[in-house]
Amino acid sequence: MRREDQERVLTEVQSRVLAEKIAQATATGGALDEVIADSIYYERLRLKEEPDARERKEGLAFWGRVQRRMNRGGDRSHRALVGEIVSRYAAEICGNFDERVYRIATQIGPSALGLLVNAVSPKRLLTRFPAFPGLEDSVVIQGETEHIRRLHELGTVIVVPQHVSNLDSVVMGFAVYQLGLPPLIYGAGLNLFSNPLMGFFMHNLGAYTVDRRKKDRLYKDVLKQYATLTLELGYDNLFFPGGTRSRSGAIERYLKMGLLGSGVTAYVN
């Protein structure tokens, strides 16, 4: 997401999710402290397994403050707390898009990835030395390419590929670049950002983080609202409807509608 849209989206995510939670509490006769208590429970449970001591300490301190404020606060305080939790989640999820990094990536990325995907065949590398095979030698772009160009002229595009490897989003990015289409934004597992180099490029090329360890319903609501808003702002999105990699390479029979459903919500909005 471009920097000029980030503040708007973060503010709107907080506003929408908070309004949704207030409406749900009113309709069911519940209270916002139940939403906060669920977040505290699930996050403390997750933090018990957190290997990063610094993150664990900071997280436990934050949720400890949240619980103390929840216990002594009233409805107004609870609204503010839900807003703070939503803002914390949204800031973690939010991706960035830097045109300068994109230019660098499109210049050096195809060559580097071409070397990577051909590294299993030293013979092939040697026969091409000193010129190494590029990504275009290994990635074949075929199918309804003109159709997707026409679709892009009509509106925002959602790409829903099969998921077979950790390179899928990168290869899809290369494909849309070769077709002359704008870059896609996509959700990527938090673990993929642990490598400093890969994390830098992913964070600045439109990827937003998805922490699958977080079981808090409020986190999932924030994630879906973020994806919805990116679509409303006209960002082309990539979702893997299978939810995880297909180990066999077969097309998935069961789809996880999760983020994919945000396309319908964005259309309605």
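Me: Which residues does Lys-21 touch, leaving aside those up to four places away in sequence?
Reply: Lys-21 touches Leu-32, Val-35, Arg-217, Leu-218 and Asp-221, where contact means heavy atoms within 4.5 Å. This is a predicted model, in which local features need pLDDT of at least 70 and side-chain atom pairs count only at pLDDT 80 or more, while totals for chains, interfaces and linings use all residues. Residues are numbered from 1 along each chain as its sequence is written, and side-chain values use heavy atoms, with hydrogens and water left out.

Me: What makes the link between the side chains of Lys-21 and Asp-221 a polar contact?
Reply: The two side chains are joined at 2.6 Å. A polar contact is a pair of N or O atoms within 3.5 Å; within protein, one must be able to donate a hydrogen and the other to accept it, and residues adjacent in sequence count only if both atoms are side-chain atoms.

Me: Why does Lys-21 count as buried?
Reply: Its relative accessibility is 7%. Buried means under 20% relative accessible area, exposed over 50%, and partly exposed in between (1.4 Å probe, protein chains only). Lys-21 is therefore buried.

Me: Why is Tyr-42 called partly exposed?
Reply: Because its relative accessible area is 32%, Tyr-42 is partly exposed.

Me: What makes the aromatic pair of Phe-62 and Trp-63 edge-to-face?
Reply: The ring centres are 5.0 Å apart, with 85° between the planes. Rings of Phe, Tyr and Trp (its six-membered ring) pair if their centres lie within 6.5 Å; planes under 30 degrees apart count as stacked, over 60 as edge-to-face and the rest as tilted. Phe-62 and Trp-63 also belong to one aromatic cluster with Tyr-89 and Tyr-219.

Me: Why do Phe-62 and Trp-63 count as buried?
Reply: Phe-62 has 10% relative accessibility, so it is buried. Trp-63, at 1%, is therefore buried too.

Me: How do you know that the charged end of Arg-88 sits over the ring of Phe-62?
Reply: The charged end of Arg-88 is 4.0 Å from the ring centre of Phe-62. A charge sits over a ring if NZ of Lys or CZ of Arg is within 6 Å of the ring centre and within 35 degrees of the ring normal. Lys-214 lies over the face of Tyr-219, at 5.4 Å from the ring centre.

Me: What makes a set of residues a nonpolar core?
Reply: The residues are buried Ala, Val, Leu, Ile, Met, Phe, Trp, Tyr and Cys, joined through side-chain atoms within 4.5 Å. The largest such core has 39 residues, and Trp-63 is one of those with the most contacts inside it.
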